[in-house]
Amino acid sequence: MSDPETDPIPFIDLVTQRRRLGRAIEEAVSRVTQHGRLILGPECEAFEAELAAFCGARHVVSVANGTDALILVLRARGVGPGDAVIVPAFTFASTAEVVASVGATPVFADIREDTFSLDVDSMAEAIAVARKEGLRPVAVIPVDMFGQPADYLAIEPVAEAEGLWLLADAAQGFGGTLAGQHIGTFGCATGVSFYPSKPLGAYGDGGAIITDDDELDRVLRSLRNHGEGAFAYDHVRIGVNSRLDAIQAAVLRAKLKIFPDEIAARNRAATYYSEGLRDIARTPVLAPGATSVWAQYTIRIADRDGFRAHLAEAGIPTAVHYPRPLHHQPAYRAFPTARPSLPVAEQAAREVVSLPMHGYLTPAIQDRIIERARSFVSVSV
Ligand SMILES: *Cc1c(COP(=O)(O)O)cnc(C)c1O
């Protein structure tokens, strides 16, 4: 028997979304298997055009995943050994991994206390540290943490004044806006991920690069397909194999149609959580002029472990994004930091906890989560 009071709640509900999409998915997949253009071809082209129209950018280059999206931009712009790229310390590993993987040096900066975005003053310090260490700072990668646009309007002018270009890591943030402009239109290029749990998720891996730069677009198309030139088996640069599967492109075209509606539903759910939790936890803060896609709904709570255990007992899953800042990770410890410690990132890693978030939360489910969360506070005081 199912019981709405005690049934386990999914952290991300892809089943309800699947039911809503109905035959659109079968039709998308069978279209591809029938025309047989499995790699690149019409599905990828149509998806790229639709995604560009969605966010108001000139070009979208679809690729195999969000990590490759970032790597390919770094490669296209010639980033390599001796170069430094400033990244926030509080993010998923990819943001720093992509820098190290092209032979450049990630330099970690702290984040803002309110929005988890890269802190512009700490970025400036990181640039100075990089120069002092004999590196050439060339770029900065702000991250749309938890789905909220990074502080692009403050970051970009400071980066530019220092001679750095900006690559947006919008793996979590695609679909959001800042000052009325869609994510995808900030900086020199934007990397997006379609990993299944991201707000716009495929049924497998996928990613895209968004840019207004015609030359960058041209080079990226070549790089993702073995450095192809003007004709078959003409290789003009050393590339990689990083193409979006046509089946995933077809699935994403179907999901893009309902994406605006899902973004609205995520925003309603976030507001509902915040109204119910504001007085017992630090709920998310939106910067002025920013709209979020709520990749995660993340609160801060001092006794995080106790809180998670209390919710888990009632069948409510939570997650920690992320329990350790990157400058404390074994693989990244040796890289420079803006300061010996990055206290805001370190504190966030101790306190953050994410609640179930997707476009299919109902008030009944949220009431159950909110009540359980509130009962933790009354138990613990
Ligand atoms: C998910 C994510 C990525 C990587 O995306 P993949 O498609 O999994 O490679 C990069 N950066 C951030 C901030 C992410 O959350």
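Analyst: **Loops, then the ligand**

Let's start with Tyr322, which sits in the loop between α10 (304-313) and α11 (343-351) (helices, H or I, are DSSP runs of at least four residues, strands, E, of at least two, numbered from the N terminus). A quick word on ground rules: this is a predicted model, where local features need pLDDT of at least 70 and side-chain atom pairs pLDDT 80 or more, while totals for chains, interfaces and linings use all residues. Residues are numbered from 1 along each chain as its sequence is written, and side-chain values use heavy atoms, with hydrogens and water left out.

Back to Tyr322: the peptide bond joining His321 to Tyr322 is cis, with omega about 5°. Most peptide bonds are trans, and most residues other than glycine have a negative phi. Phe116, in the loop between β3 (105-109) and α6, has a positive phi near 70°. Trp294, in the loop between β10 (290-291) and β11 (297-300), also has a positive phi, near 55°.

Are these two side chains buried or exposed? Phe116 has a relative accessible area of 7%, so Phe116 is buried (buried is under 20%, exposed over 50%, partly exposed in between, using a 1.4 Å probe and protein chains only). Trp294 has 7% relative accessibility, so Trp294 counts as buried too.

Now for a loop residue at the other end of that scale. Glu133 lies in the loop between α6 (120-132) and β4 (136-140), and with a relative accessible area of 51% Glu133 is exposed. Glu133 and Ala84 are 49 residues apart in sequence, yet their C-alpha atoms are 9.9 Å apart in space.

A polar side-chain atom of Ser193 lies 2.6 Å from a ligand oxygen, one of Lys198 lies 2.7 Å from a ligand oxygen, and one of Gln172 lies 2.8 Å from a ligand oxygen. Taken alone, the ligand exposes 380 Å², and the protein buries 93% of that (areas are from the Shrake-Rupley method with a 1.4 Å probe).

Notes:
Polar contact = N/O pair within 3.5 Å; in protein donor to acceptor, adjacent residues only side chain to side chain.
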